[in-house]
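Welcome! Please take a moment to turn the model around before reading on, and keep the sequence at hand.

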Amino acid sequence: MADSGLAGLDHNFLTGTLEDVVKWARRNSVWPATFGLACCAIEMMATGTAHTDMSRFGMEVFRASPRQADLMIVAGRVSQKMAPVLRQVYDQMAEPKWVISMGVCASSGGMFNNYAIVQGVDQIVPVDVYAPGCPPGPQTLLHSILTLHDLIKNGELTRRRHENGGGAAIQVAAR
């Protein structure tokens, strides 16, 4: 270890880069803004209960104001009438901001293939992680959140956003 200098030290808060510290802080302080529109919202609420314990990730309080949030969880079907409201809430969120599309209705319109329902929330806002299911359970949403945490930690989201101007479009397997 004496020969290798700083390269021989374990990676910790003293030897880490500032970028790693910023990624760690962002990953461990994601504050969700809810956008619960249908039955997926019940499962999203269940994710916030003591059984799932989102507080271990620093996410125990769902923010009511978009200006205090940096993660939007779109839970349920989005109607054409609600789409401008969703975009306005997204625009008011603090940067950097992320979006999880929860459920098949938010991701692709689901069984509602008609003129009144948006066929995928990614037409309105850039989606970073898709949580599949009808409705996806709390474990699937938690898995999506952990996937988002990994993407924030690795810096893949900012790289992809810079390349294509949108979200990362990561699909998560149902659990």
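Is strand 2 mostly covered or mostly open? It is mostly covered, since five of its five residues are buried. Here, buried means under 20% relative accessible area, exposed means over 50%, and partly exposed is in between, with a 1.4 Å probe and protein chains only. Helices (H or I, at least four residues) and strands (E, at least two) are DSSP runs, numbered from the N terminus.

A word on what you are looking at: this is a predicted model, where local features need pLDDT of at least 70, side-chain atom pairs count only at pLDDT 80 or more, and totals for chains, interfaces and linings use all residues. Residues are numbered from 1 along each chain as its sequence is written, and side-chain values use heavy atoms, leaving out hydrogens and water.

**The whole chain**

The protein chain has six helices and five strands, and along the sequence they follow the pattern α-β-α-β-α-β-α-β-α-α-β. Of its 175 residues, 43% are buried. Contact means heavy atoms within 4.5 Å. Among contacts between residues at least 6 apart in sequence, 75% join residues at least 24 apart. The accessible surface comes to about 9500 Å², and carbon and sulfur atoms hold 55% of that; such areas come from the Shrake-Rupley method with a 1.4 Å probe, and for residues only the protein chains shown count as cover.

Which strands pair with strand 2? Strand 1 and strand 3 do, as the table shows. Two strands pair if DSSP finds at least two bridges between them.

| Pair | Bridges and direction |
|---|---|
| Strand 1 (residues 32-36) and strand 2 | five bridges, parallel |
| Strand 2 and strand 3 | five bridges, parallel |

To find these pairs in the model, look for Thr34, which stands opposite Ile73 in strand 2. From strand 1 the chain crosses through helix 2 to strand 2, and this β-α-β crossover is left-handed. On the strand 3 side, Met72 stands opposite Val99. Strand 2, helix 3 (residues 83-92) and strand 3 form a right-handed β-α-β unit. A crossover is called right-handed if, with the strands pointing away from the viewer, the path from the first strand over the helix to the second runs clockwise.

Which residues of helix 3 are buried? They are Ala83, Leu86, Val89 and Tyr90. Seen down the axis of helix 3, these buried residues fall within an arc of 125 degrees, so they line one face of the helix. The arc is that of the directions from the helix axis to the C-beta atoms.

Helix 2 has its own buried residues: Cys40, Ala41, Met44 and Thr47. They cover an arc of only 105 degrees around the axis, which puts them on the same side of helix 2. Ile42 and Met45, on the other side of helix 2, are exposed. The buried residues of helix 2 pack against strand 1, strand 2, strand 3 and helix 5.

**The nonpolar cores**

A nonpolar core is a set of buried Ala, Val, Leu, Ile, Met, Phe, Trp, Tyr and Cys residues joined through side-chain atoms within 4.5 Å. The largest one has 20 residues, and Met59, Leu71, Ile100, Met102, Leu141 and Leu148 touch the most other members. Helix 2 (40-47), strand 2 (71-75), strand 3 (98-102), strand 4 (129-131) and helix 5 (138-154) each supply at least two residues of this core. Its largest share, six residues, comes from helix 5. Apart from this core lies another, of 17 residues, including Val99, Val118, Val121 and Ile124.

Leaving aside neighbours within four places in sequence, its contacts include Met59, Met93, Ile100 and Leu148.

**Details in the loops**

A cis peptide bond joins Glu95 and Pro96, with omega about -10 degrees, and Pro96 is in the loop between helix 3 and strand 3. The peptide bond from Cys134 to Pro135 is also cis, with omega near -20 degrees; Pro135 sits in the loop between strand 4 and helix 5.

Finally, Asp53 lies in the loop between helix 2 and strand 2. Its phi is near 60 degrees, a positive value in a residue other than glycine. Asp53 counts as partly exposed because its relative accessibility is 30%.
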